[in-house]
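Subject: Structure handover

Hello,

Here is the structure I said I would pass on. Please open it alongside this message, as the notes refer to positions in it.

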Amino acid sequence: MPERLTEMLMDTWTPLIILWITVLPSIYMAPMNQSQVLPSGSSTGLKRLNEEQRVLNRSKRGWVWNQMFVLEEFSGPEPILVGRLHTDLDPGSSRIKYILSGDGAGTIFVINDKTGDIHAMKRLDREEKAEYTLTAQAVDRDTNQPLEPPSEFIIKVQDINDNPPEFVDGPYHATVPEMSLVGTFVTKVTATDADDPVYGNSAKLVYSILEGQPYFSIEPHTAIIKTALPNMDREAKEEYFVVIQAKDMGGHMGGLSGTTTVTITLTDVNDNPPKFAQSLYHFSVMEDVALGEPIGRVKANDLDIGENAKSSYDIIEGDGMDIFEITTDAQTQDGIIRVRKPLDFETKKSYTLKVEAANTHIDPRFISGGPFKDTATVKIVVEDADEPPVFSSPTYLLEVHENAALNSVLGQVTAHDPDVSSSPIRFSIDRHTDLERQFNINAEDGKITLATPLDRETSTWHNITIVATETRNHSQVSRVPVAIKVLDVNDNAPEFASEHEAFLCENGKPGQVIQIVSAVDKDDPKNGHYFLYSLLPEMVNNPNFTIKKNEDNTLSILAKHSGFSRQKQEVYLLPIIISDSGNPPMSSTSTLTIRVCGCSSDGIVQSCNVEAYVLPIGLSMGALIAILACIILLLVIVVLFVTLRRHKNEPLIIKDDEDVRENIIRYDDEGGGEEDTEAFDIATLQNPDGINGFLPRKDIKPDLQFMPR
């Protein structure tokens, strides 16, 4: 109808410059409204025609179109007519030539230069290129001169629903906690459609679930997947395979669709308590098992996984709570029962324990479904073992006086076999602890005796080890340490702490303390040392010195008078008797040497030699030392001078290694005695230089006379 109207108007108003556009899709392919046939609007086109009828003297009219349309993917036996160009300058004499340029001109779009018809030569795809911009112009066919200015227009490719939706990011994987409420968010999927989202419903998508119901649901327009059933249990089913469909055309019939898969995994929550595999466990253990050794394992299974399956074990009841302990194996989640204290078959043969396993991580949402723990009973039987002897005490302490008689009994150790068989015990001393063999032990009754004399001052303590061995099984051995303390007896006399030498000043005063001496005693009395000092009986009335006992157990030596002189007596010897308070008391006599010395006015000792008095008065000690040094230096110079003189007087002719008298020649000829003077020359023996041919002449006088020095 629009094309017919156009022909009628063109036949009626030929002088006018009119451009008509005919869009074939409106005729051959699909119904189209007036705006698709005349992009500017059919009513507007008619109005403009009426205006042109009233103004007949108008010389020129511009192009009257906005855009053309062509459907994509259209194919037929003939090229598609997209539209027609026409101008009123063409009187029909074919003098006008239409030229087309721009996107796809000459290849995709071809124009009939006479009629102005534009045809599409190829199938078009909107997803590759949605529109084409071209330029149309009318020129003189003969001169190619433009009759009108060029005009630009657009050919739009109209979309058809030729692309199904696609899930670019699929397949999907998602997780959701088990036991989730209905409507809990799981994940969101997204599909894309390459068709035009503006034109029609080709790209309007609607989502739905093909597989996975009734567990999950999906929002049709947002594609959000949610849980559709409550209390889905991972322990019953952990993984779900969901198929999602996206359909265009708003989900209506005839629309294209695409699918993707979503693998949904239920994550674990702590909704299951631990459960022992059995309610009663039996274990047996030897009584001599080492402390800390495992004796058995219990197992509480938990259907949960990871942190939710971890459990801790405790002993909550039983008669062996202090004997045994239970710990958790971090790898296997087993409860390991260990021995905490020594076992004794003869004392207790069995134990009963109540063990509890509890989850370490509790989910507050499911605490009402608790308790998340379980209990089991454990019976432990102690089996008899051949045990080593047991001493009556873990250690022994014995005391003995250092003057104890040989073979006297110091003490006794006892041991017994804890087994029912009760084997006899033999005792011995580990000689590595008694290298000097000072002690012996009776193998039958364990009495320890003294083998060698003791001396407390040499060694106060002796530590030995006693060995107890079963006679029926020598591999069963026990050891016990025995400490022997040697007690002191008063067997040492006191004596001076050090060798004292006292100095008495010549200008000292009567009653002046010359020296304070102290004494020592190797013994160690319980109440400490207390010494008594006295002079020898014949020295009690000593005219020169007296003694005084001090409160600190020391002794002061005092001078009775003044006026001591080195010329009269240089040294005094004062014997002193020192006694202890032991039972019986011990004493010794020590002699104190007192030397008379010259002192300054302050009582400082300066010299204790008698020779100092014969020196000239007025010379100080420094001057005396200087004079002595000069004398020594002069002596050294004299000795050096004499040595040099003696060295110069040594003979220069005779050499020890050339003395011919040392060259003895032995031969068997018999000499002529004392009268035989022809056998040798005595002068050769007297002058060794004669060997070298320098014998002195006796028949002539020498030219030079050497004077002796």
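Below is what was found, starting with the whole chain and then going through a few places in turn.

Please keep in mind that this is a predicted model.

Overall
The protein chain has 709 residues, and 37% of them are buried. Its secondary structure consists of 6 helices and 41 strands. Of the contacts with a separation of 6 or more, 67% are between residues 24 or more positions apart. The accessible area of the chain is about 42,900 Å², with 53% of it supplied by carbon and sulfur atoms.

A buried position: Ile 118
Ile 118 sits in strand S5, which covers residues 117–120. With a relative accessible area of 0%, Ile 118 is classed as buried because the cut-off for that is under 20%. Beyond its neighbours within four places in sequence, Ile 118 is in contact with a set of residues that includes Met 68, Ile 80, Leu 81, Val 82, Leu 100, Phe 109, Ile 111 and Phe 153. Leu 85 is also among these contacts; the C-alpha atoms of Leu 85 and Ile 118 are 7.7 Å apart, although 33 residues separate them along the chain.

A loop position: Ala 497
Ala 497 belongs to the loop that runs between strand S32 (495–496) and strand S33 (501–505). Its relative accessibility is 42%, so Ala 497 counts as partly exposed, between the cut-offs of 20% and 50%. Leaving out residues up to four places away in sequence, Ala 497 touches Ser 518, Ala 519 and Val 520. For Ser 518, which is 21 residues away along the chain, the C-alpha separation from Ala 497 is 5.8 Å.

The largest pocket
The largest pocket holds about 360 Å³ of space. Its lining is made up of 20 residues, and those nearest the centre are Asp 488, Val 489, Asp 524, Pro 525 and Lys 526. Strand S31 (residues 477–487) contributes the most to this lining, with 3 residues.

A nonpolar surface patch
Which residues form a nonpolar patch on the surface? They are Leu 628, Ile 632, Val 636 and Leu 640, and together they have about 380 Å² of accessible area. Of these, Val 636 lies in helix H5, residues 621–648.

Regards

Key
Residues are numbered from 1 along each chain as its sequence is written. This is a predicted model: local features need pLDDT of at least 70, side-chain atom pairs count only at pLDDT 80 or more; totals for chains, interfaces and linings use all residues. Side-chain values use heavy atoms; hydrogens and water are left out. Patches are made of residues with over 30% relative accessible area and no salt bridge: like charges are joined within 9 Å, nonpolar side chains (Val, Leu, Ile, Met, Phe, Trp, Tyr) within 5 Å. Accessible areas come from the Shrake-Rupley method with a 1.4 Å probe; for residues, only the protein chains shown count as cover. A salt bridge is a side-chain nitrogen of Lys or Arg within 4 Å of a carboxyl oxygen of Asp or Glu. Helices (H or I, at least four residues) and strands (E, at least two) are DSSP runs, numbered from the N terminus. Buried means under 20% relative accessible area, exposed over 50%, partly exposed in between (1.4 Å probe, protein chains only). Contact means heavy atoms within 4.5 Å. On a 1 Å grid over the protein atoms alone, a cavity is a set of points where a 1.4 Å probe fits but cannot get out, and a pocket is an open set with protein on both sides within 12 Å along at least five of seven lines; lining residues have an atom within 4 Å of a point. Grid points are joined across faces, edges and corners, and a volume is the space filled by probe spheres set on the points.
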